[in-house]
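Please examine the sequence and the structure shown here. The explanation after them moves from chain arrangement to local packing.

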Amino acid sequence: MKAKGTVHRYQDNVDTDVIIPARYLNTQDAKELASHCMEDIDAEFACRVNEGDIMVAGLNFGCGSSREHAPLAIKTAGISCVIAKTFARIFYRNSINIGLPILECEAASEAIEAGDEVEVDFGTGVITNITKNETYQAEPFPEFIQDIITAGGLMASINKK
Amino acid sequence: MGMTMTQKILAAHAGLETVKAGQLINAKLDIVLGNDITTPVAINEFEKAGFDCVYDKSRINIVLDHFTPNKDIKAAEQSKQCREFACKYDIDNFYDVGEMGVEHALLPEKGIVTAGDCIIGADSHTCTYGAVGAFSTGVGSTDMAAGMATGNCWFKVPSAIKIELTGKLAKGVSGKDVILDIIGRIGVDGALYQSMEFVGEGVKSLSMDDRLTICNMAIEAGAKNGIFPVDDVTREYLDGRTKREYSIYEADDDAEYSSVISINLDELVPTVSYPHLPENTHPVTEASDIKIDQVVIGSCTNGRISDMEAAYEILKGRKVKKGVRVIIIPATQEIYKESIKRGYLEAFVDAGCIVSTPTCGPCLGGYMGILAAGERCVSTTNRNFVGRMGHVSSEIYLASPAVAAASALTGYISDPREVL
């Protein structure tokens with residue numbers, strides 16, 4: 001499985017309150033959530049994002065609240081993969097559980113800039129920056145987690161068992 | 001090599017002799033929790049996956065606390081969905097308006113969570129229950145759905161930071177200042193994926209309310225959980241309250257820690273976290289020129305009876321500074337009632353504060369105290385992110401109930417030690 005798209009770039013400690021502000025948590029409608037995604041730090045994101053685009057950030061992406069609405073809003077907005085130096089742990093497991101691909105890669109996070117064209121190979125963990133003609137190696141997921149992703153998320157993997 | 005306290009609890013719940021940091025395990029759950037924001041998403045996942053029974057109706061807890069009493073029609077629909085689910089599956093611990101409280105104040109108070117438990121909650125502050133010697137961590141709605149269906153959850157066994165406490169807190173300094181100080185030292189990702197294990201002779205001087213506040217904000221340093229050893233303070237709190245037999249786990253003498261932090265409680269001072277991250281800590285004495293518009297005293301961090309008491313000691317017989325709006329929210333019905341009995345609520349109203357029924361409302365910018373552009377709030381809550389309590393240009397200063405109450409009197413961030 002591969003993802004390819006234009007990069008939307010953010011810094012360290014992007015919290016779930018800015019990914020999807022709590023004032024919109026009175027709905028579970030994924031499209032409505034996506035329409036407000038990132039609006040408190042990047043008001044134009046929802047208009048600018050195209051299907052398949054990639055989000056790149058620094059340390060501790062998705063810190064704060066456990067709201068699963070956050071990865072859901074990002075996924076529904078069209079983002080095909082989030083790359084960061086590190087993820088906050090609840091955001092990390094929520095993303096795996098709902099099937100939003102995420103990769104930890106310090107080198108990619110350091111080098112990739114807003115607007116770069118990037119391709120991600122989830123099988124090998126290789127991230128290719130087409131614009132800069134560079135590649136970076138992310139740690140692939142452990143088998144236990146790959147099984148959840150392959151099954152299509154946590155609930156599907158439980159049902160399989 | 002020995003195990004940490006957290007690792008011992010996880011090993012026991014995974015049916016393993018030993019576990020080590022980094023290992024992926026499946027553990028049995030004693031308690032599964034959700035609220036009116038996260039439970040609807042969990043119900044959808046539960047039903048979509050085709051489940052038609054819960055693993056144990058006595059172990060599932062649904063607390064309607066975030067947008068309740070409902071703030072709008074959509075919030076009311078979400079509460080209704082939770083109510084219908086709780087009724088359909090005959091959930092024992094379903095707490096609606098009239099019985100509910102802020103979840104992380106309510107569950108310990110009711111004796112639902114206890115020492116040795118393995119707990120997940122679809123709320124990031126579920127780490128609060130480490131105060132009673134449980135392993136407890138926040139997860140998302142899909143984990144809650146899976147937990148309700150199977151009674152199990154997958155975990156990556158965490159390494160731990162050992163936090164050695166000595167000394168005793170001075171007057172006007174509280175558990176809130178301890179945890180803000182730690183987050184200021186290590187940063188908002190300083191304990192990422194790790195446990196924070198509190199040990200040392202300083203532990204015994206901390207009340208259960210202080211411990212609950214400290215563990216509550218472990219997540220603000222990125223931690224998976226915070227945990228205190230079980231001692232006389234724990235036993236006194238749990239005995240006669242807890243609904244189940246509890247188990248005591250202790251870290252091995254040769255347990256491995258990724259780092260050790262030593263804190264002398266004698267040296268701590270009232271601390272304030274400036275916008276827009278909890279790690280931006282300053283001693284209160286540096287903040288005296290910051291003018292404020294609003295004060296919030298409450299939340300899962302600081303809405304307990306000792307927090308109400310700390311506010312009362314400062315506000316009784318005095319008047320809130322004109323132009324400052326002060327919102328006080330006892331976190332549960334029991335705390336509300338006890339505050340009435342002790343005369344706290346009358347003193348708060350006489351001082352010019354308002355008192356609300358239990359709700360998370362303002363902490364996450366839900367309702368009951370939203371901030372306008374450029375407004376500043378001193379809040380006893382747990383997060384000061386951009387836009388958390390309202391407009392993106394509003395500012396939140398995190399502090400203890402004592403600092404918040406002292407600031408209410410002057411209209412500037414103030415040192416409670418000058419008023420006490």
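The paragraphs below treat the chains, the domains, a sheet and a pair of helices in turn.

This is a predicted model, in which local features need pLDDT of at least 70, side-chain atom pairs count only at pLDDT 80 or more, and totals for chains, interfaces and linings use all residues. Residues are numbered from 1 along each chain as its sequence is written, while chains are lettered from A and ligands numbered from 1 in the order in which they are written.

The contact between the chains takes 36 residues from chain A and 43 residues from chain B; two residues are in contact if their C-beta atoms, placed from the backbone, lie within 7 Å. On the chain A side, two or more residues come from each of helix 1 (16–19), helix 5 (89–98) and helix 8 (154–160) of chain A. Helices (H or I, at least four residues) and strands (E, at least two) are DSSP runs, numbered from the N terminus. Helix 5 of chain A gives the most to this side, with six residues.

Chain B is divided into domain 1 (5–264) and domain 2 (273–418), with bounds that come from an automatic or database domain assignment. The C-alpha centres of these two domains of chain B lie 24 Å apart. Their contact draws 35 residues from domain 1 of chain B and 34 residues from domain 2 of chain B.

Chain B also holds an open sheet of five strands in the order 4-3-2-5-6, with parallel pairing; two strands pair if DSSP finds at least two bridges between them. Strand 4 (93–95) and strand 6 (135–138) of chain B stand at the edges, each with a single partner strand, so one side of each lacks a neighbour in the sheet. Strand 5 (residues 118–121) of chain B pairs with strand 6 of chain B in the parallel sense over four bridges, and Ile119(B) stands opposite Ser136(B) in strand 6 of chain B.

Finally, the axes of helix 10 (residues 305–315) and helix 12 (residues 344–351) of chain B come within 10 Å and cross at roughly 45 degrees. Axes are lines fitted to C-alpha atoms, for helices over the stretch in contact, and angles run from 0 to 180 degrees between N-to-C directions. Helix 10 and helix 12 of chain B are therefore oblique to each other; angles under 35 degrees count as roughly parallel, over 145 as roughly antiparallel, 65 to 115 as roughly perpendicular and the rest as oblique. Met308(B), Tyr312(B) and Leu315(B) of helix 10 of chain B make the contact with Tyr344(B), Ala347(B), Phe348(B) and Ala351(B) of helix 12 of chain B.
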